[in-house]
Amino acid sequence: METLCSNINVGSSISKPSFCYRFPSLTHRRGAACRRKELIPISLVGENDQNLVKCIGKGVIGLAAATVLSFSSYSPAFAQSLTVAFPVSHTPEVNTVQRTLIEAWSLIRETFVDPTFNHQDWDLKLQQTMVEMFPLRSEDAAYSKVRGMLSTLGDPYTRIISPKEYQSFRIGSDGNLQGVGLFVSVEPNTGHLVVLSCVENSPAARAGIHEGDELLEINGERLDGVDSETAAQKLRGRAGTTVTVKVHRDIGAGVSSYQEVKLPREVIKLSPVSSTIIPHKMPDGRLLKTGYVKLSSFSQSAAMEMENTIQDMENQGVESYILDLRNNPGGLVTAGLDVAQIWLDGDETLVNTVDRDGNMAPISMVNGHAVTHDPLVVLVNEGSASASEILAGALHDNGRAILVGHKTFGKGKIQSVTQLHDGSALFVTVAKYLSPALHDIDQVGITPDVQCTVEMLNSGKDTFKERKTSSSSLEADSCIMVAEHELDIQESKGSAS
């Protein structure tokens, strides 16, 4: 882009001080690791100060005949700095959001997985949004413009959330929140908000809301175009209060049902790991202990709790394992990678990332030592997404586990999470991922080795009938019955998977 400095008139149009800001270099850690970047002030430009011209260099985006706020973005990805000039709002709340927009725009410009920005001029899009934001008088209206700009990227996972929403997000990642116990996500093909899972014995679960239900309204407000974080924020609130939700369920054969229910908010403890030991007899009469471990989310404590659970089961003589990732919507990618290392040895590749330029980079273990080498079956379904799919792919492609269940959700993208200067947070899709065997997961999902079908159950009905009489209530779960059958096959072959 040619310099426009020679065409800039800095006479009477500059009536009040303007600010010139430079962004520090940005280095991104893969996954959902949080970090904060501060804006560094360079200079204060006074009325009619010709220094403003020096601040406007190559890549100037726009200059309106009004007060001007100028930012410079420096990055090793670009040979020269990029300076952005735009009209400053006289409304303090809107002015703050303007600065947030610049910060978000710069991060996306440098890291977004699609270098075409959904086939649009991203710099021009900033200018247009700034012009639209200038006359606004409220923070909410300004944030709406930011969200509108991000929506043009065509990626529902690249989004901005308010400071309050970000605090709730961090609370959820830490393992506790006050709400109704719903995990929701935007279905990429339809844009609808769908229920990925309900926390066991939560208000939502007790009300009969199921995974796959479409969330239509919260407290009478339609959710068209609302992202998952905003919806989650509306569902959360102080314990003892209530929230009314309306859901739609596709029963099949063209039949639908609608349900509106008032849910009490409670303190929801998101302990990500639950477990039990399932004893059953092998065909040769030997008693085999199978450790059943359900991982409901990938919070900061997931790997530690998982390792403690497996170690305790090893001490109790468990000889095989079922890892249940069904209806696990994901969470922190780093937690998923840490859990994978509990089951794997050596220098195995856990996942491959592909950046905006098509460069593929493996993420591998370094001299890993598994807690156990006992046979392992992993349960997945359409509610298994993101970090769940990374974990399932890592264990399957490295020959460590057999997958049982149904095809997974198909969210094969990795987001970075950045806390912005005003306390809000920007989620940016920075890469897509492939399994260790280079299978593309995004919008495709992972197909299990064995599906939990009626035919599968009928093919071994005598064996499965014997399983169902076991003392464990989990034996009524058809997928667990299939998983145990697969473990029996492995045991009979003397395989450690």
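**Loops, ring pairs and a disulfide in a predicted model**

Asn-118 turns up in the loop that runs between α2 (92–111) and α3 (122–133). It's a handy place to start a tour of this structure, which is a predicted model. The backbone at Asn-118 has a phi near 65°, a positive value in a residue that isn't glycine.

Ser-386 sits in the loop between β20 (376–380) and α10 (387–397).

Next come the aromatic rings. Searching the whole structure turns up three aromatic pairs. One of them brings together Phe-112 and Phe-117, whose rings are stacked, at 6.4 Å from centre to centre and with 15° between the planes. Both partners are tucked away from the surface: Phe-112 is buried at a relative accessible area of 2%, and Phe-117 is buried at 8%. Another of the pairs is made by Tyr-321 and Trp-343, with ring centres 5.5 Å apart; the planes meet at 75°, so this pair is edge-to-face. Tyr-321 belongs to strand β17 (residues 320–324) and Trp-343 to helix α9 (residues 333–343), so the pair links distant parts of the chain, 22 residues apart. Tyr-321 and Trp-343 are both buried. Going back to the phenylalanines, ring pairs also join Phe-112, Phe-117 and Trp-122 into a cluster.

A disulfide is a covalent bond between the sulfur atoms of two cysteines. The torsion about the S-S bond of Cys-452 and Cys-479 comes out at about 135°, which makes the disulfide right-handed. Cys-452 is found in the loop between β24 (450–451) and α11 (454–459), while Cys-479 is part of helix α13 (residues 478–493), so the bond ties together parts that lie 27 residues apart in sequence. Neither end is out in the open: Cys-452 is buried, with a relative accessible area of 12%, and Cys-479 is buried too, at 6%.

Finally, a word on confidence. The chain has a mean pLDDT of 79, and 76% of its residues reach 70 or more. Over residues 1–80, however, pLDDT stays under 50, and for this stretch the model has 171 contacts beyond four places in sequence. The pLDDT is also below 50 over residues 456–472, a stretch with 24 contacts in the model beyond near neighbours in sequence.

Terms used
Residues are numbered from 1 along each chain as its sequence is written. This is a predicted model: local features need pLDDT of at least 70, side-chain atom pairs count only at pLDDT 80 or more; totals for chains, interfaces and linings use all residues. Side-chain values use heavy atoms; hydrogens and water are left out. pLDDT is the predictor's confidence in each residue, from 0 to 100. Contact means heavy atoms within 4.5 Å. A disulfide is a pair of cysteine sulfur atoms within 2.5 Å. Helices (H or I, at least four residues) and strands (E, at least two) are DSSP runs, numbered from the N terminus. Buried means under 20% relative accessible area, exposed over 50%, partly exposed in between (1.4 Å probe, protein chains only). Rings of Phe, Tyr and Trp (its six-membered ring) pair if their centres lie within 6.5 Å; planes under 30 degrees apart count as stacked, over 60 as edge-to-face and the rest as tilted.
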